[in-house]
Amino acid sequence: MIQTQKLARGLSAVVLATLMATCTGSPTVDRTDASDALDGDPILFGVIAPLTGPVADAGAYVVSGLTIGVGKINAQGGVCGRPLEPIILDGMNDPQESANAAENLITREQVPIIMGAWGSSSTLAVMPVVARHGIPLVVETSSSDKITTPGTPGFDWVHRISPTSAMEAEAMKPYLVDELGMQRVAILSVNNDWGRGAGATFRQAIEEQGGQIVREDYIDQTVTDVLPQLTQINGSGADAIVMTTGAAQIATILKQYTELGMDQLILTTGGSNYPVAIMQLASPEMVNGTYHVMFYVPTEHALAGDPAMSEWYYDTYAENGYPEVGLGESYRGFDAAHVIAQAIELNDCSLDPESLNQALTRVEFAGLSGLVRFSEAHGHQSRPNVYLVRVDNGELAAVAADPPVEQP
Amino acid sequence: MAQPLTRTSRYLLAGLLSAAVLLPYTVSDQFIIRLAIQSGIFILLASAHNILMKVGLLSLGPVAFYGLGAYVSAILTTRYDVPFPVAFFAAGLAATAAGWVIGRLTLRLRTAYFVLVTLGFAECFRLVALNWIDMTNGPMGITAVPPPARWFVGYIPYFYFILLLVVLTLFGLYRMEHSTIGRAMQAIRQNELLAGSIGISGFRYMLLAALLASFIMGLAGSFYAHFFQFLSPEILAFDLTIAIVVMVVAGGRATLMGPVLGAIVFTVLPEVLRVVQVWRMAIFGLLLMLMMLFMPDGIWPALQRLGQRCFERVTGRRTAAVVPSSFGSPSEGFAANGSPPPVPVRVEHEVTPTDRSQTLLTVERLCVHFGGVQAVHMVDFDVKAGEILSIIGPNGAGKTTILNAITRVGPITDGKISHQDALLNGLRSYEVARCGIGRTFQNTSLFPDVSTRQNLVLAHNGLEPESLLLNLLRSDASVQAAKDAEVAADRILERTRLLPYGASLARSLPYGHQRVLELGIALAARPSLLLLDEPAAGLNPPEVSNLMAMIQQIRHEGVTIVLVEHDMKLVMSVSDRIVVLDHGRKIAEGRPEEVRTNQRVVEAYLGKRS
């Protein structure tokens with residue numbers, strides 16, 4: 001017994017010592033390497049992403065794009081001659097964790113600008129924090145319309161690159177009923193702000209075009225058995241299913257859809273459902289003939305804001321050994337890094353948060369997801385390209401594209 | 001009586017409080033202020049959850065009340081423009097109402113069932129918050145929850161607000177802990193059955209604990225919503241429940257400061273560990289594991305022990321050992337046979353029946369059946385005031401079943417039991433105790449983890465005022481009750497000769513002393529009728545003679561006694577009358593000499609001659 005205690009004590013001492021060493025060591029482990037070629041203190045900016053938890057994979061993809069973006073910027077001379085350096089904190093896609101991460105970034109790391117915080121709930125929780133300190137926030141993924149609705153605490157400090165669900169539905173509106181023939185539609189989405197938001201806007205768009213919503217089902221993120229919902233959809237006479245959820249759950253649904261021998265048209269929305277990922281998780285045959293709403297089609301360089309950069313990005317991503325399934329999500333980090341870099345340069349290299357926030361409104365960046373620029377009229381919101389992609393024999397083909405529309 | 005704080009702890013407390021008040025002026029780091037505010041929220045949650053732990057309940061549904069408070073407050077202020085103070089209290093009251101409903105439904109359940117039902121409730125509530133889109137806005141959450149007042153700018157007003165809530169809560173809990181209510185809760189946690197037998201209603205205090213806990217959690221939820229200004233169903237995540245339970249358990253459950261410490265440590269630690277990035281939660285888990293390995297009672301008790309050790313080393317003094325290293329010989333426990341105890345105790349009760357013709361307890365046609373087994377069938381007897389009535393019979397005759405039926409610990413299938421014209425059938429065990437009926441148990445039943453003296457203090461509880469307000473305000477009545485309890489405990493310690501063991505943990509006493517203590521506990525509740533269930537079981541002959549003297553002394557003081565016993569020497573020498581049972585039926589009743597010669601009794605004990 002005593003020996004066990006001694007052993008346990010020794011073990012804990014080792015663990016504590018390791019921990020202390022890690023804690024007292026330089027926190028540069030968080031930071032991607034700034035280019036050695038550049039002199040001067042790095043310009044720090046904050047990043048809040050889910051690095052752990054159920055959506056850690058998506059967070060990792062965004063960070064990989066961000067890393068490529070920062071590397072590119074630094075290789076091309078950095079920002080105002082100084083290297084750009086992100087400090088990435090884990091928000092776990094949890095509102096409280098993300099808000100704490102924001103507080104840490106602002107008061108501890110003294111960052112002048114933050115990118116984050118992936119999910120809408122997390123972003124909405126971060127917004128009051130950035131507002132209290134007056135620090136601009138660049139939103140790369142969240143889709144809730146409330147983020148860019150005047151009156152939401154922190155609205156003045158938010159600029160969003162990712163489209164709202166409403167924008168997505170609006171862009172797809174001309175195609176849904178008339179082109180794809182979606183007359184009787186079932187909605188099957190994840191029960192969170194993203195799925196619910198997309199469900200509501202697509203319902204509106206379809207109904208406005210004379211289509212009909214025959215069923216609306218919201219399932220938990222962790223649900224793996226959707227046979228009950230699919231059976232009911234099958235029995236409801238639906239001719240199409242609109243899905244908004246992660247790639248893994250879409251793959252699960254498609255497997256069971258095939259199992260039931262269903263033939264409804266499938267349309268996924270939200271832009272995070274890279275069909276290659278779905279194909280890897282299900283099978284190319286199952287994904288064949290499905291439609292997907294995307295904001296960046298990695299293989300269609302001509303559609304990107306800057307085709308040459310799109311090609312370079314595609315190659316670099318592969319060279320870095322990042323997983324192919326993450327490509328569809330990674331562009332968010334890449335574009336956001338460039339937006340932040342450009343804002344700092346437009347601000348005459350000043351890191352004053354207030355003027356940086358103003359500078360963001362002047363940013364125009366031809367990125368992977370189209371032309372990023374924030375419209376004051378639309379609540380500090382950019383309007384990325386929206387594509388309707390069809391999967392044919394494992395290949396992605398854009399059947400429709402909605403180019404950026406001039407804002408009034 | 002409330003333990004007066006030592007001078008050191010007063011200084012320490014004053015120091016801590018001033019440090020907290022001055023924190024925003026000494027620390028410029030906003031991050032620390034924010035963590036302090038969050039720690040404050042968690043101190044409220046952990047302390048509230050700890051109230052349930054105080055009555056021995058483990059709930060896995062604290063987030064439901066926290067979330068309910070947050071949603072009520074957020075919905076009232078954003079949707080109906082209700083002013084914050086109203087919404088704040090409405091949040092507390094809504095959570096309390098939910099606590100009442102859930103408490104009524106679940107508090108009769110124990111252990112795993114209670115845990116599962118609370119867990120289920122929390123999950124139900126999460127699903128409602130997630131799917132009742134019209135009211136809660138579902139997963140989209142409620143944005144733009146207004147600050148409590150316009151001048152709540154920056155973190156400082158929030159900090160003082162939560163500090164005020166924390167100080168008020170802890171002060172209230174401190175007062176409660178050192179009051180009748182706190183002692184009753186301690187008794188329930190230690191031994192609910194025994195607590196019932198001395199007049200403490202387990203259900204009442206558990207419900208009170210649930211109401212207080214849910215009220216505090218509701219207020220904490222409201223604060224959260226107005227501090228974060230955004231509310232989504234993530235507040236109801238199971239992770240948060242685990243966090244709260246960890247804070248209480250690792251901090252030191254059922255102590256006042258444990259949850260406070262736990263809340264601070266487990267709010268700050270994950271933030272400190274941010275430097276290790278993705279390893280954060282793994283290391284956090286490892287630290288938690290080590291903590292529980294080396295500090296199984298929690299951080300606070302471990303710190304207390306450490307402090308005590310340092311104190312001893314510095315001053316060279318040893319504080320009184322909690323458990324004496326040697327016990328006196330068992331015969332020291334009682335006065336020798338026949339000799340009266342040195343300090344007679346006046347046993348006070350409403351009626352001091354000395355008139356032997358008066359019937360105190362009547363048992364009529366009592367049947368207790370367990371399925372097809374007739375444990376007791378059609379048994380009649382009555383107990384006259386001031387007598388010693390023994391119930392004897394072979395094993396399985398139904399003796400303990402009758403005692404359980406009288407004290408309402410066990411079921412009654414049919415028949416009537418009345419005490420001074422009041423029917424006991426519909427009462428609960430604590431109500432029977434309050435009629436002046438005390439008892440001991442066949443298997444020694446004590447409050448094992450508190451001192452011998454505290455056992456006797458707790459036993460006085462049923463005689464003290466129960467009102468929450470009286471106790472929190474430390475009214476004269478409650479202060480007097482505490483003093484009475486101490487005085488009564490000392491008297492009984494002296495009388496039972498357990499005085500040298502006053503500071504020893506009850507479970508560390510030798511067996512013979514434990515049985516005496518059990519008798520002392522029953523006496524501390526001042527019964528007029530005392531039911532003793534095999535008090536001599538396991539005692540050696542000198543101990544039995546002491547017990548005999550003790551029983552007679554108790555009777556001299558006017559307490560009527562019903563004795564269930566196998567020790568025939570004891571029974572025959574002390575009893576006025578004897579009821580004999582066999583296979584659940586009464587086979588004889590009469591004076592000892594009558595019973596001794598009764599043919600059926602002899603047959604029951606020795607078998608029929610063939």
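Modeller: Residues are numbered from 1 along each chain as its sequence is written, and chains are lettered from A in the order in which they are written. Because the model is predicted, local features need pLDDT of at least 70 and side-chain atom pairs count only at pLDDT 80 or more, whereas totals for chains, interfaces and linings use all residues.

Colleague: Why are α17(B) and α19(B) called oblique to each other?

Modeller: Helix α17 (residues 452-459) of chain B and helix α19 (residues 476-495) of chain B pack at an angle of about 125 degrees, with axes 8 Å apart. Axes are lines fitted to C-alpha atoms, for helices over the stretch in contact, and angles run from 0 to 180 degrees between N-to-C directions. Under 35 degrees counts as roughly parallel, over 145 as roughly antiparallel, 65 to 115 as roughly perpendicular and the rest as oblique; α17(B) and α19(B) are therefore oblique.

Colleague: What makes the contact of α17(B) with α19(B)?

Modeller: R453(B), L456(B) and V457(B) of α17(B) meet A485(B), E486(B), A489(B), I492(B) and L493(B) of α19(B). Two residues are in contact if their C-beta atoms, placed from the backbone, lie within 7 Å. These residues divide into six nonpolar, no polar and two charged; Ala, Val, Leu, Ile, Met, Phe, Trp, Tyr, Cys and Pro count as nonpolar, Asp, Glu, Lys and Arg as charged, and the others, Gly among them, as polar.

Colleague: Which residues of helix α5 of chain A are called buried, and what covers them?

Modeller: In α5 (residues 165-176) of chain A, the buried residues are S165(A), M167(A), E168(A), A169(A), A171(A), M172(A) and L176(A). A residue is buried if 20 or more other C-beta atoms, placed from the backbone, lie within 10 Å of its own. Their cover includes α6 (193-208), β10 (291-294), β13 (386-392) and β14 (395-402) of chain A. In chain B, 48% of the 610 residues count as buried.

Colleague: How many residues of chain A are in contact with chain B, and what gives the most to that side?

Modeller: In chain A, 36 residues are in contact with 29 residues of chain B. α3(A) gives the most to the side of chain A that touches chain B, with seven residues. By class, that side has 14 nonpolar, 13 polar and nine charged residues.

Colleague: How many residues join domain 2 of chain B to domain 3 of chain B in contact?

Modeller: Six residues of domain 2 of chain B are in contact with seven of domain 3 of chain B. The C-alpha centres of these two domains lie 27 Å apart.

Methods
Helix = DSSP H or I, 4+ residues; strand = E, 2+ residues; numbered from the N terminus. Domains from an automatic or database assignment. Buried ≥ 20, exposed ≤ 12 C-beta atoms within 10 Å, placed from the backbone.
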